[in-house]
Structures are given as C-alpha cells and as structure tokens.
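Here is a quick tour of a protein model, written for someone new to reading structures. Keep the 3D view open and follow along.

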Amino acid sequence: MAEADEASTRRSARPICIPILGMHRSGTSALTRVVNLLGASLGGNLMGATPANPRGHWERLDVYDLHQTILSELGTSWDDWRSVDPALLTGPRGQTWRARLAHLLQAEFAGTPLFAIKDPRTCRLLPLWKAAVEDAGFDMRPMLTIRNPLEVADSLNRREPIRREAAIRTWLTHVLEAEHHSRGLRRAFVTYEGLLQDWAGTMTAAARHLAIVWPRIDEPITRRVVALFLNPGDRHHAYPMTRLPEDALEEAAMQVYAALIEASKQTASDGDVSAAFDQTTESCRALLDVQLSKRSMVIDMDSKPADQ
C-alpha cells in the first residue's frame, strides 16, 4: 500500500494542496507543523508564535489577511456561528476573491509537489478554496482536525473571553461545514488525541487515506524532531468521552464528535462515511438551526429603536 501511495504521489501531474481544516484550538497548528516536518512545504510569510500559541501558528499571513477581508465583506467573522451561504462565494465578489487566492497559490507553490495551508477560517470558505485550488492547477486533499468540543470551548476561553455555548456552536459550524464541503475529495480525519499519542501511526494512516507518501517520515532525524515538537502537556484541557453533557447543545456536539471519531477510522468508503455522518448528525443540525433562529430573533430585537 505504501508503494502504491508513493507511486500515486509521484505520478500526480499537479502539486498536491493539503488544507488543514478544523476549529480554532483543535490542534491545527500542531498538525500543520508535523505535516511540514514530514516534508510538505508551508511557503513563507508565516505568522510567528504568540503567548496563546508559543509553538507557532504555522499559517500564512497573506492567507489570514485575505480570509479576514472576505469574512468582513460578507458581514461575518470567525466566531459567527451562522453558516456562510456558498452562493455568496460564487458571485462577482466571490470571483475576485477566487482569482486572488488562485494567484497567491500559484505565486508561492507552483512546482511544489506537496504543500499545506492552515487557517481555521478555511472551514467557512471551503467552496471558494476548492474552486481557487482547481484554478491554480493543484489537487486538493484536506486533513480535518478533530478535538473534543468541550476541550475546545475551555481552551478558547483560556485564550479570550467567550461564552461556552457560543464556542460550541462555532465548533459545530466549523466541523459541519468542513466535513460537508470536503466530500468527494480524498481526505483524512485526524484526532488531536491520536496525533499526540501516536503521531507516526496517525500520520501513516492519513497518508494512506490521502494516497500520498510523506517524503521524510522514515528519516530518523525527522522522527526525533517530531517527537520533541509534540508535547502532550500542551493539551491543557482533556475530557473523557464518558463525561456527561450539561445541556442539549453539548449533547449534540458530542454526538457530532463521536461521528467524526468514527470517520477518522475510515474502515468504509467515503460515501458510506458521509451517509453515516448525516444520519448521526441530522438532529444536531436541526438543533443548530433552532439556535440560529433564536439568534436572529435576538439580533432583530436589538436592532429595534428604543421607544418600540
């Protein structure tokens, strides 16, 4: 199988783009660095380390800036848990963003066999990315990073004040949109826990699902550097699956999380995985729609004049 994956990578006439998808504080930075250490280019112009992420963000500043511009022009932001209408990404402004993104990718990665791009905002804009990557002449093979939503909520709150329910809704929006819009592509689901506990096994399985080979995975020095980089102590919030949810929203999020863990095993075809995921998350999506309706009502009430 490894030989077939290597042959597939080498035969590819087009560079392979690996978007690292996942909610903020889900381990996307750690996964991106590991992918980089195993041989995928990240290009230049990278965001530096911050107190909230001392081991580095490993994401491009130009992609971050473009995403911020797009979300702002759409009247939304990374922590707005309302879904982005894909139709808004295909109109006149969408065509402009698509051309800018394709140009950015071509300018940086033309002739690069394997590269990765990371920004959690990509989850919200994946239809645009799919079109731009195709325009640039590359193949897209995403990796979806999965972490317990309760851990994500607490990690977010540690970084900046954000209500737990808002964090969980935002997590749901990110993972549901990333899963849905990545269908039909070669993709891999990677749990943050699995990456920390057994990075070699996790990344070997991911390569199999992506039909690629990591250029440096067998190098002893690479294995030592990856092992030094990944520190289980960086996982400051860890909750077992047996922890009981406190409300319907947490219960829905944990059901989605369980479905994503099953998807990470990928013992069935991708179509079967998607069908099973839909069956599991149907009620969760309905709950999120109800929450969205409630939010719209609050926004409408807030916008009324004070004398009404």
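## The big picture

This protein has twelve helices and five strands. Both are DSSP runs numbered from the N terminus: a helix is H or I with at least four residues, a strand is E with at least two. The model is predicted, so local features need pLDDT of at least 70 and side-chain atom pairs count only at pLDDT 80 or more, while totals for chains, interfaces and linings use all residues. Residues are numbered from 1 along each chain as its sequence is written, and side-chain values use heavy atoms, with hydrogens and water left out.

Of the 308 residues, 51% are buried, meaning under 20% relative accessible area with a 1.4 Å probe and protein chains only. Now take contacts (heavy atoms within 4.5 Å) between residues at least 6 apart in sequence: 80% of them join residues at least 24 apart.

## A look at helix H11

Helix H11 covers residues 248–265, which is 18 residues. From first C-alpha to last it reaches 26 Å, close to the 26 Å expected at 1.5 Å a residue; that expected span is 1.5 Å times one less than the number of residues. Its buried residues include Leu249, Ala252, Ala253, Val256, Leu260 and Ala263. Residues three or four places apart on an α-helix point the same way, because there are 3.6 residues a turn.

What happens at the two ends? At the start of H11, a side-chain oxygen of Asp247 comes to within 3.2 Å of the backbone nitrogen of Leu249. After the helix comes Gln266, with a positive phi near 45°.

## Hidden spaces

Most residues other than glycine have a negative phi. Trp58 has a positive one, about 60°, and sits in the loop between helices H2 (28–37) and H3 (61–73).

Ala211 also has a positive phi, about 55°, in the loop between H9 (199–210) and H10 (220–229). Is Ala211 buried or exposed? Ala211 counts as buried because its relative accessibility is 5%.

Definitions and conventions: Buried means under 20% relative accessible area, exposed over 50%, partly exposed in between (1.4 Å probe, protein chains only). A polar contact is a pair of N or O atoms within 3.5 Å; within protein, one must be able to donate a hydrogen and the other to accept it, and residues adjacent in sequence count only if both atoms are side-chain atoms.
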